[in-house]
Amino acid sequence: MSSDRLSQTLTALADPTRRAILARLSLGETTVTELAEPFAMSLPAVSKHLKVLEKAGLISRGREAQWRPCKLEPEPLKEVDAWIGEYRKMWEARFDRLDAYLKTLKPDGPTN
């Protein structure tokens, strides 16, 4: 299994629970307990998901007295967007060529 950052990020994003956690963190910092509320799983299970996200660099966890806030770190998501963006450019170019080709097949006048 590859340990490059993009692979770690995509692995972390592959799980719907982790994506839901990131969606919640996009609204602002929160605690593990608050993150766990909508899920039918134990706090240790949520903590395992958080460790995967943290290892991928998608979140950071701080410490303020007894409060351990989790925070979204968007940089790895920018890297995924850049990687996907290259494929987006390729598909847009292919669709543009297809559109141009289809226009050559279209008759000039009205059809009845």
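Start by selecting Thr11, which sits in helix 1. Its relative accessibility is 35%, so Thr11 counts as partly exposed; that class lies between buried (under 20% relative accessible area) and exposed (over 50%), using a 1.4 Å probe and protein chains only. Helices here are DSSP runs of H or I with at least four residues, strands are E runs of at least two, and both are numbered from the N terminus.

Before you click on, a word on what you're looking at: this is a predicted model, where local features need pLDDT of at least 70 and side-chain atom pairs count only at pLDDT 80 or more, while totals for chains, interfaces and linings use all residues. Residues are numbered from 1 along each chain as its sequence is written, and side-chain values use heavy atoms, with hydrogens and water left out.

Thr11 and Ala82 are 71 residues apart along the chain, and their C-alpha atoms are separated by 17 Å.

Next, stay with helix 1 and pick Arg5 together with Glu79. Their side chains meet in a salt bridge at 3.4 Å, N to O; the term means a side-chain nitrogen of Lys or Arg within 4 Å of a carboxyl oxygen of Asp or Glu. Arg5 belongs to helix 1 (residues 5–13) and Glu79 to helix 5 (residues 75–105), so this pair ties together parts that are 74 residues apart in sequence. Both ends are partly exposed: Glu79 has a relative accessible area of 31%, and Arg5 comes in at 38%.

How many salt bridges does the structure hold? The count is 6, and two others are worth a click. Select Lys89 and Glu86: their closest N and O atoms are 3.3 Å apart. These two are 3 residues apart in helix 5, which means about one helical turn separates them. Lys89 is exposed, at 52% relative accessibility. Then go to Glu54 and Arg61, a salt bridge with its closest N and O atoms 3.1 Å apart. Glu54 is partly exposed at 33%, and so is Arg61 at 23%.

Switch to a surface view for the next stop. Select Leu10, Trp83, Ile84, Tyr87, Trp91, Phe95, Leu98, Tyr101, Leu102 and Leu105, and you have a nonpolar surface patch of about 1000 Å². Patches are built from residues with over 30% relative accessible area and no salt bridge, joining like charges within 9 Å and nonpolar side chains (Val, Leu, Ile, Met, Phe, Trp, Tyr) within 5 Å. Which element gives the largest share of the patch? That's helix 5, with 9 residues.

Finally, zoom out and colour by secondary structure. Draw a box along the principal axes and the C-alpha atoms fill roughly 75 × 35 × 25 Å. Buried residues make up 25% of the 112. The protein exposes about 8100 Å², with carbon and sulfur atoms supplying 57% of it; accessible areas come from the Shrake-Rupley method with a 1.4 Å probe, and for residues only the protein chains shown count as cover.
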